[in-house]
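Here's a quick briefing to read alongside the model. Take a look at the structure first, then work through the points below.

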Amino acid sequence: MHAKIQAVETILVDVPTIRPHRLSVATMNCQTLVLVRIRCSDGIEGLGEGTTIGGLAYGEESPESIKVNIDTYFAPMIVGMDATRPGSVMARLRATLQGNRFAKCAIETALFDAQAQRIGVPLSELFGGRVTDKVEVAWTLASGDTARDIDEAEQMLEARRHRVFKLKIGSRAVADDVRHVIAIKTALGDRAEVRVDVNQAWNETESIFAATRFREAQIALIEQPVDAKNRAGLERLARLSLVPIMADEALHGPADAFTIASARAADVFAVKVAQSGGLTGAAQVAGIALAANIDLYGGTMLEGAIGTMASAQLFSTFAELKWGTELFGPLLLTQEILTEPLRYADYALHLPQGKGLGIALDWERIDRLRRDTTRGASVAV
Ligand code: MUC
Ligand code: MG
């Protein structure tokens, strides 16, 4: 087996969302997917994605920075390297380029996609093989309106598409958020599981106020209630054992996972491939969680089909995935970018059996949606 990396292409694709998606840090009307295509000398092409949320509102990388950093620094370094050795290529990038976890994730995914195609197996086989061919998928209610969220949840239940709902809160006064969440849980009752994601918006006092009420109302989980840097606060909240606490923004890869696990500062980890700097980093985060008896949840940065399928391929290899996943990114978008859409049915995303990621992009559609980056900045959030 011999193949060199020949070219690395980055594409920004702006896709409107099906409704405004309100987080405490940003309201999304559009998602910008950062797609990476790596061409190899044996004719194989690998696909990757390094998408984030709300421009620079959520993370330290924006879609534009991911593209420009790959084009300027990553691509020249890896063109000519051995495409059959993704581990060696990534080791060089990690040793030489600081930060840029999302960009690294996009490159690593494309390299693994190409290598799995080359060997003739699904990408999951490079990570130990699947323990399941489907992963449960939660839906996020984030319209900002209680009645509309209840209506949306009812439609999802009726269609058997989702039965776990994560509510985005944190942009209103905490008492208003508590009312909103409890009204939704009361309307859905035992037919659905309700969790909340605060996206760091509360302080510890607000978190305890809400968690006390959520415990009574049988809210299943609180995700990242306090600032990502307030690890001690997260730890104190987890120790109160009011409602299970999940770490999300506090978790930027294996080193954070080790620190949080050592302090037992969370009950659950939201494992995200982009936040972990790629599939390998995410697998390491999961390994640390399992060793520390911390439960796993398969998180998303609201990626499109490539990032979503890359995540699903990895999550399908986890021996334990107690809290399921939230791999619904493509369902939040108005445009399909695959020739054959991902299969969501019976509350789960079903993994394809094909080689690599097992998906095919609709390049005509991508060409219509791609941003013309030769005409200067026009940022879509
Ligand atoms: C986050 O913070 O979890 C995941 C689902 C969603 O609606 O937003 C993302 C980000
Ligand atoms: Mg979150």
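This is a predicted model: local features need pLDDT of at least 70, side-chain atom pairs count only at pLDDT 80 or more; totals for chains, interfaces and linings use all residues.

Residues are numbered from 1 along each chain as its sequence is written, chains are lettered from A and ligands numbered from 1 in written order, and side-chain values use heavy atoms, leaving out hydrogens and water.

**The two domains**
- The C-alpha centres of domain 1 and domain 2 are 23 Å apart.
- Across the boundary, 40 residues of domain 1 are in contact (heavy atoms within 4.5 Å) with 45 residues of domain 2.

**Around ligand 1**
- There are 15 residues around ligand 1 (a heavy atom within 4 Å), and His21, Tyr58, Lys166, Asp197 and Asn199 come nearest.
- Sorted by class, that shell holds seven charged residues, four polar and four nonpolar. Here Asp, Glu, Lys and Arg count as charged, Ala, Val, Leu, Ile, Met, Phe, Trp, Tyr, Cys and Pro as nonpolar, and the others, Gly among them, as polar.

**Polar contacts and burial**
- An oxygen atom of ligand 1 sits 2.8 Å from a side-chain N or O atom of His21, and 2.8 Å is also the figure for an oxygen atom of ligand 1 and a side-chain N or O atom of Lys166. For Asp248, the figure is 3.1 Å. A polar contact is a pair of N or O atoms within 3.5 Å.
- On its own, ligand 1 exposes 280 Å², and the protein buries 100% of that (Shrake-Rupley method, 1.4 Å probe).

Key:
A polar contact is a pair of N or O atoms within 3.5 Å; within protein, one must be able to donate a hydrogen and the other to accept it, and residues adjacent in sequence count only if both atoms are side-chain atoms. Domain bounds come from an automatic or database domain assignment.
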